[in-house]
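Dear colleague,

I am handing over the structure that follows, and below it I have set out what was found in it. Please read the notes with the coordinates open beside them.

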Amino acid sequence: MIVVGEGEDQEPPDDFLRKSVRDTVLNLLGDYRYLSKGYYVSLHAEENGCVVYPSVKNALDIYRAPVFVERLKKAGIETPEVFALRDPNPERCVLVPLNPFSRNSAKIIRSESQYVKYFRSLSMDYHYPVVQVRAKGNVEEFEFYMGRTKGYDNWVFRRIFEVFGVPLGKVLVERIGNKIRPFYFMPIMKNEIDFNFLKEVLNENCMLCRKL
C-alpha cells in the first residue's frame, strides 16, 4: 500500500503525482474537495487503475450534506432532518453550505438576524442552495481518523468510514445523551491534523490497511 500524505514516512503528494503507480493507495491529505491536491491524488490513482481511499466519487459525495445524510440513512445510521433551500425560511437550526467554495462553514443559528446574515453568506448572495438542519440536541464537532475520534469511541464513526472510505476529516453531529446523529462532513487542513494520533490509528489498523 502507498500512503500519501504530509506526515513522516508518507509519500509526498507532489512525488506521487509525478509517477505511475500500481498499488492500493491511502490518501491522507485530509482535504479532498474538487480541484484540491487531495482530489488530484485520488484521481491520479484511479487513472492508474489503482484502488484508492477515498475514491473520487466518495470524496465528492461526502462533502454534500444531503448526499452524505442519504447514504448514511441507507447504511442504518440515524440523522437529523436535513433539506436544501433556495429561499430563506428562518428558524433555529444549523445552516450548511452547498456552494463548492466553502469549507468548515456550518453555522449554528440562534436568532432570525443570524439566519438572514448567514443564509446570504453561505448561498453567496442567493446563487446556491443552503442546507438547513433541524438539530434539537447539542451540535458537536469531531476530528475523524479512519473511523476513530480522539476521546470518544462510537460505532457510528466506524460505520461512516466503512460507507465512504474517506480517511480524514471533521464530522458535525447532533448529540442527545449517548446518541449521536451525524449530518455534515468537512475537510481537515494540514495544520489541524494530529499526526501523532494518526500514526497511532494507522498502527492499530495495520491489519485493516493491509486489507484495504
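**Loops and backbone**

Asp125 sits in the loop that runs between α5 (112–122) and β7 (130–134). Please keep in mind throughout that this is a predicted model. The phi angle of Asp125 is near 60°, which is a positive value in a residue other than glycine, and with a relative accessible area of 41% Asp125 is partly exposed. A positive phi of about 60° is also found at Asp9, although Asp9 is not a glycine. Asp9 belongs to the loop between β1 (2–4) and α1 (13–17), and its relative accessible area of 75% makes it exposed.

One more backbone feature deserves a look, namely the cis peptide bond that joins Tyr53 and Pro54, where omega is about 0°. Pro54 is placed in the loop between β3 (52–53) and α3.

**Overall form**

The protein contains eight helices and ten strands. Its radius of gyration is 18 Å, close to the 17 Å that the globule rule gives for 212 residues, so the protein is as compact as a globular protein of that length. Taken along the principal axes, the box filled by the C-alpha atoms is roughly 50 × 35 × 30 Å.

Of the 212 residues in the protein, 51% are buried.

In soluble globular proteins, nonpolar side chains tend to be buried together. Here the largest nonpolar core has 33 residues, and those with the most contacts inside it are Tyr145, Phe157, Ile160, Phe164, Leu168 and Phe185. At least two residues of this core come from each of α3 (56–62), α4 (65–74), β8 (138–145), α6 (155–164), β9 (168–176), β10 (179–186) and α7 (195–204). Which element gives the most to this core? It is α6, with six residues.

Ile160 shows how such contacts are made: leaving aside its neighbours within four places in sequence, Ile160 is in contact with Phe68, Leu72, Ile77, Phe144, Gly165, Val171, Pro182 and Phe185. There is also a second, separate core of twelve residues, which includes Ala65, Val82, Val94 and Met186.

**Val171 and its surroundings**

Val171, one of the contacts of Ile160, is placed in strand β9. Is Val171 buried or exposed? Its relative accessibility is 0%, and Val171 therefore counts as buried, the cut-off for that class being under 20% relative accessible area. When residues up to four places away in sequence are not counted, Val171 touches Glu140, Glu141, Phe142, Phe144, Phe157, Ile160, Pro182, Tyr184 and Phe185. For Val171 and Lys136, which are 35 residues apart along the chain, the separation of the C-alpha atoms is 17 Å.

With best regards

Technical notes. Residues are numbered from 1 along each chain as its sequence is written. This is a predicted model: local features need pLDDT of at least 70, side-chain atom pairs count only at pLDDT 80 or more; totals for chains, interfaces and linings use all residues. Side-chain values use heavy atoms; hydrogens and water are left out. Helices (H or I, at least four residues) and strands (E, at least two) are DSSP runs, numbered from the N terminus. The radius of gyration is taken over C-alpha atoms; the globule rule is 2.2 Å times the number of residues to the power 0.38. Buried means under 20% relative accessible area, exposed over 50%, partly exposed in between (1.4 Å probe, protein chains only). A nonpolar core is a set of buried Ala, Val, Leu, Ile, Met, Phe, Trp, Tyr and Cys residues joined through side-chain atoms within 4.5 Å. Contact means heavy atoms within 4.5 Å.
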